[in-house]
Structures are given as structure tokens and as C-alpha cells.
Amino acid sequence: LAMPMDVIGVRGSGATPARLNLYRKAQRTPEYWKGKKVVVWCFAAREFTETDGWRIIPIEP
């Protein structure tokens, strides 16, 4: 992509904590989404099969 990557990850905590971290980072840094072209989301298959549901996190570009 010819640009630096930003990694926000939470090991072993499911989908919600990583999304909360992304939300918090974007709130602390108003220009966070500026210049971002791609978001790659990786998570384990168990997030679909062994979850009680995903919380809605209001992440807005």
C-alpha cells in the first residue's frame, strides 16, 4: 500500500474489545480516519459460532 500500517489488536478477548479500542483511538485523534484507505478485520471463526452476540460500537469514518 506504500503507507505505514496501524495495528489495533486484542489477543484472546473476542470482537468487542478490539472494536472498542478502535473507537477510543478514533475519538482521541480527530484526524485518525484521514488518509485511511483500507480496514482489514481479522478474527477467529469462534466469534461467529461461540458468541452471545456482538455489541454495537458506533465507529464512524
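This is a predicted model: local features need pLDDT of at least 70, side-chain atom pairs count only at pLDDT 80 or more; totals for chains, interfaces and linings use all residues.
Visitor: How many helices and strands does the protein chain have?
Guide: Two helices and zero strands. Both kinds are DSSP runs, numbered from the N terminus: helices are H or I with at least four residues, strands are E with at least two.

Visitor: Why is the link between D6 and K25 called a salt bridge?
Guide: The term asks for a side-chain nitrogen of Lys or Arg within 4 Å of a carboxyl oxygen of Asp or Glu. The side chains of D6 and K25 meet at 3.2 Å, N to O, so the pair is a salt bridge. The structure holds one.

Visitor: What does the pair of D6 and K25 tie together?
Guide: D6 lies in the segment before helix 1 (15-28), and K25 lies in helix 1, so the pair ties together parts that are 19 residues apart in sequence.

Visitor: What makes D6 and K25 partly exposed?
Guide: Buried means under 20% relative accessible area, exposed means over 50%, and partly exposed is in between (1.4 Å probe, protein chains only). D6 has 35%. K25 has 25%. Both values fall in between, so both residues are partly exposed.

Visitor: How do you know that Y32 is buried?
Guide: Its relative accessibility is 9%. The limit is under 20%, so Y32 is buried. W33 is buried too.

Visitor: Where does Y32 lie, and which residues does Y32 touch?
Guide: Y32 lies in the loop between helix 1 and helix 2. Y32 touches D6, I8, L22, K25 and A26, not counting residues up to four places away in sequence. Contact means heavy atoms within 4.5 Å.

Visitor: Why is the aromatic pair of Y32 and W33 called edge-to-face?
Guide: A pair of aromatic rings is described by the distance of the centres and the angle of the planes. Rings of Phe, Tyr and Trp (its six-membered ring) pair if their centres lie within 6.5 Å; planes under 30 degrees apart count as stacked, over 60 as edge-to-face and the rest as tilted. Here the centres are 5.3 Å apart and the planes are at 75°, so Y32 and W33 form an edge-to-face pair.

Visitor: What sits over the ring of Y32?
Guide: The charged end of K36, 4.3 Å from the ring centre. The term requires NZ of Lys or CZ of Arg within 6 Å of the ring centre and within 35 degrees of the ring normal.

Visitor: Which residues form the nonpolar patch on the surface?
Guide: V39, W41, F43, F48 and W54, with about 520 Å² of accessible area together. Patch residues have over 30% relative accessible area and no salt bridge; like charges are joined within 9 Å, nonpolar side chains (Val, Leu, Ile, Met, Phe, Trp, Tyr) within 5 Å. Areas come from the Shrake-Rupley method with a 1.4 Å probe; for residues, only the protein chains shown count as cover.

How values were computed
Residues are numbered from 1 along each chain as its sequence is written. Side-chain values use heavy atoms; hydrogens and water are left out.
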